[in-house]
Structure formats: C-alpha cells, structure tokens
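Colleague: I would like to learn how to read side-chain features in a model. Please take me through some of them.

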Amino acid sequence: MAGPSLEFVFDPALSLQVLAWVFAGATLGTLSGLIPGLHANNFALLLAGFAPIVPGPPLFVGCAMLAAGVVHTFMNAVPAMALGVPDAEMAVTSLPGHRMVLEGRGYEAIRLSALGSLLAVLVAVPLAIPVTEAVLAVYPTIRDNLPLVLAMVVVALVASERTWRTKGAAVLSFSLAAVLGALTLDLSPDAPLTAGGTLAPLFAGLFGAPVLIDAIFGSGIPRQDEETIEISSRLVGATAVAGALAGAVVGYIPGISAAIAAVAVLVFIPGGAGDRGYIVATSGVDTSNMIFALFALVAIGQPRTGVMVAFESANAPLELPILIGAVLVAGILGFVLVIVVGDLYLEVVGRLTYWKISAVVLTLLLVLSYLFTGLLGIGIFVVAAAIGMVPVRLRARRVHLMGVLIGPLMFGL
C-alpha cells in the first residue's frame, strides 16, 4: 500500500490577498518604528484596540499584525541611531548605533541592523519548532527559580563592566531603576488612550531623554559617507544566529530584554564584535523574538508579546504555513525598507538643526507619556530621565537600567 502523499496547493487569489494585508501591516510597522518613543507594546495594544473593528477575515488581519510587528523590529533601530531614542528592546543598541552615526558610519550601522534582523528571520523560522520544544522542556524549572535566574543575570551584567567604578555605577543604576519600576509598573492611571500603562514614559525617560538632553548641547549629526560593513561576514553571521536563538529565551523569561540577551550573546562570540556586534545581536534578538512568540502561542496557548495579544484579539486562526509566509515576506520588506528609509531619515535629520530636533522629540516624548498615562506619566518621565542620566554620567552601560523590569520580578514587588 502506498504511503500518504503530501500535496501543496497554490491559490493565487488567496496569495494576493495575504500579500496585500502584509503590505498594509508593513506600512503600519514602518510608521510605528520611526516614531521615537513609541514602544512596541504600546503600538501592539493600539492594534489590539482596533483589531475587532477592522473589516476583513481574521486570518488576514492576523497576517497584517504579524507583518507590522516584524517590520517594527527592523525600523525601530533608525530613531535609536538618528535621534538616540530607542524602543525599549533596542536599549543597548542606541548608544553603539548613535556612536557610529556620530563617527559618520550611520549607513553602515543601519545595514548591520538590517542584516541582523533579516538573518534572524531566516534562522528562526526553520529552527522555531525544535528550539521552542527545547525551551519548553526547561521552562518549568526556569519559572520556578525565576528570581535566582534573574539575580544571576544581574550579577553577570555588573561583572561585565571593566572597572570597579563602573561596576558601582551599574549597581546604582540598577537599584534606582528597580525602585522606580516597583513604584510605577502596576499603576493604571487615567489617560486619553488605553493602550498601555507606564512602559512608554518609563522607557522614554530612561533610555531616550538622556541622549536627547546631551544632544541639545552637541554639534549635531556629521556627514554620513561610508556604508561599507567593516566586520567579517562570518562574524556577522555567527552573531546574528546567536541573537536569533537568544530571541527564544527573551520570549520565555520575563524581564530579559533583547538588550540583555545581546550582552549575553557577545560573551560567547569571539573578539572583535564591538559596537557592530551589539547592533547585529540586538536586532537579531528583537526580530526573532517576534517569530518565537508566534510558536509559543501555538505551543502553550499564551501570548508572550504585545503583538501576540493583538493577534489573539483579532481572533486570527493559527494557520502556520500562511502566517510563516507572511513573516518571511515581512522580513524581506523590512530589510529593504530599513535601508531605504533609514538612509533618507539620516540625511533629513543631518540637514536640520539638531538641538531643535532634540527639543521637538523631547516634547513628543512628553506628549506620548501624557497620552498613554495622563499627567502622572509626565512625572514618571521626568524622574526616569533623571535616573537615566546616572549610567551616562558615570560611564556605565545603560542596559543596567533594565532593572526597571528585572528588579520588581526578582523581589516579587
């Protein structure tokens, strides 16, 4: 008796419809990624609010949301580099990327970020099932010992600082951010928009405001000339693959951001990665996390990211072949868009008076803080900005400010 056969059916009409929705989602992801201070979760919750009223089959709406989320992870590197205002997931990239822009290497930085994200898509899709199974096997142990796991992460981050002075600055930065998180994360203030709580003012203040404040007194963005990638293709590939695999960990362990995972990834990558390695690794973690989150939703039925919450709110069916196809197309679109739009973004910003741009963006962050958390959000933003200046002034890495999430989880606050 002949064995069962597997038949693939190509439906041109269905494919064109999916592509149209993916393009629509990619457009949304491009716009959201380029808005400084708009955190991915706030954007996802805005999507969730509109999902039930979007006229269209739930599967297509779900494809659009996935595409928006994937492209957002490509595009959010651009304001992090050009303006110094990262999405929270790009916190560790903002400073290295900003440094490269100030050295006239912004085009290279954008291409490195694009490569990190694209390679993460190409690696995460075929490995998603075995990696998800492996993570699920150890997840109960991690969950039961989460405070200890997070404490080990914090100790490793502090130990990675090179001098005792910066180690002390790391502890101080972590402690201040942890206290701020404990006091504010669970607040639910009245606000004009119901898209998300206090994450927007917290991350905008901790990671965005310090760079903008310093930029007001700086000399602006220099001419960007060189786009040649000055890092070996082998090192780019190894860093991107490691970042892609780390994206699965980010999706399962609360409080571990792409920024922290990137620091861990670079410990296992041979020397020479530097700022360029940070950018590739963080972009890879950020984008692959979106893909692993989809498989986590299939495996355990829990949305692990804001975009997955939006996906569920659209009642989208888990048709993996179509959804994976949408993710792959969105990844290719994101790769092209981040290079084309990113280069133009840098050119436009470079022609403008930088202190005025910084002042306008600071105002925008204040407005977003108000929209998401009301008047209380403005106060949170100001306090977070003051704390955000601590590692900057004491020459420690800003990734320690992720204590705003890790601290409350460690101590059960």
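Colleague: Which residues does Glu-161 touch, not counting residues up to four places away in sequence?

Modeller: Contact means heavy atoms within 4.5 Å. By that rule Glu-161 touches Thr-166, Lys-167, Ala-170, Ala-396, Arg-397 and His-400. Keep in mind that this is a predicted model, where local features need pLDDT of at least 70, side-chain atom pairs count only at pLDDT 80 or more, and totals for chains, interfaces and linings use all residues. Residues are numbered from 1 along each chain as its sequence is written, and side-chain values use heavy atoms, with hydrogens and water left out.

Colleague: Where is Glu-161 found?

Modeller: Helices are DSSP runs (H or I, at least four residues), numbered from the N terminus. Glu-161 is in the loop between helix H7 (146-159) and helix H8 (164-184).

Colleague: Is Glu-161 buried or exposed, and which side chain of opposite charge is nearest?

Modeller: Buried means under 20% relative accessible area, exposed over 50%, and partly exposed in between (1.4 Å probe, protein chains only). For charge, Lys and Arg count as positive and Asp and Glu as negative, while His and the chain ends are not counted. A salt bridge needs a side-chain nitrogen of Lys or Arg within 4 Å of a carboxyl oxygen of Asp or Glu. Glu-161 is buried and has no salt bridge; Arg-397, the nearest side chain of opposite charge, is 4.3 Å away.

Colleague: How many aromatic pairs does the structure hold?

Modeller: Rings of Phe, Tyr and Trp (its six-membered ring) pair if their centres lie within 6.5 Å; planes under 30 degrees apart count as stacked, over 60 as edge-to-face and the rest as tilted. There are two such pairs here. Trp-21 and Phe-60 make a tilted one, at 6.4 Å centre to centre with 35° between the planes. Trp-21 belongs to helix H1 (residues 12-34) and Phe-60 to helix H3 (residues 58-75), so this pair ties together parts 39 residues apart in sequence. Trp-21 is partly exposed at 21% relative accessible area, whereas Phe-60 is buried at 6%.

Colleague: Why is the pair of Phe-203 and Phe-207 called stacked?

Modeller: The ring centres of Phe-203 and Phe-207 are 5.8 Å apart and the planes lie at 15°, so the pair is stacked. Phe-203 and Phe-207 are four residues apart in helix H9 (residues 199-216), which means about one helical turn separates them. Phe-203 is buried at 4% relative accessibility, and Phe-207 is buried at 0%.

How values were computed: Helices (H or I, at least four residues) and strands (E, at least two) are DSSP runs, numbered from the N terminus.
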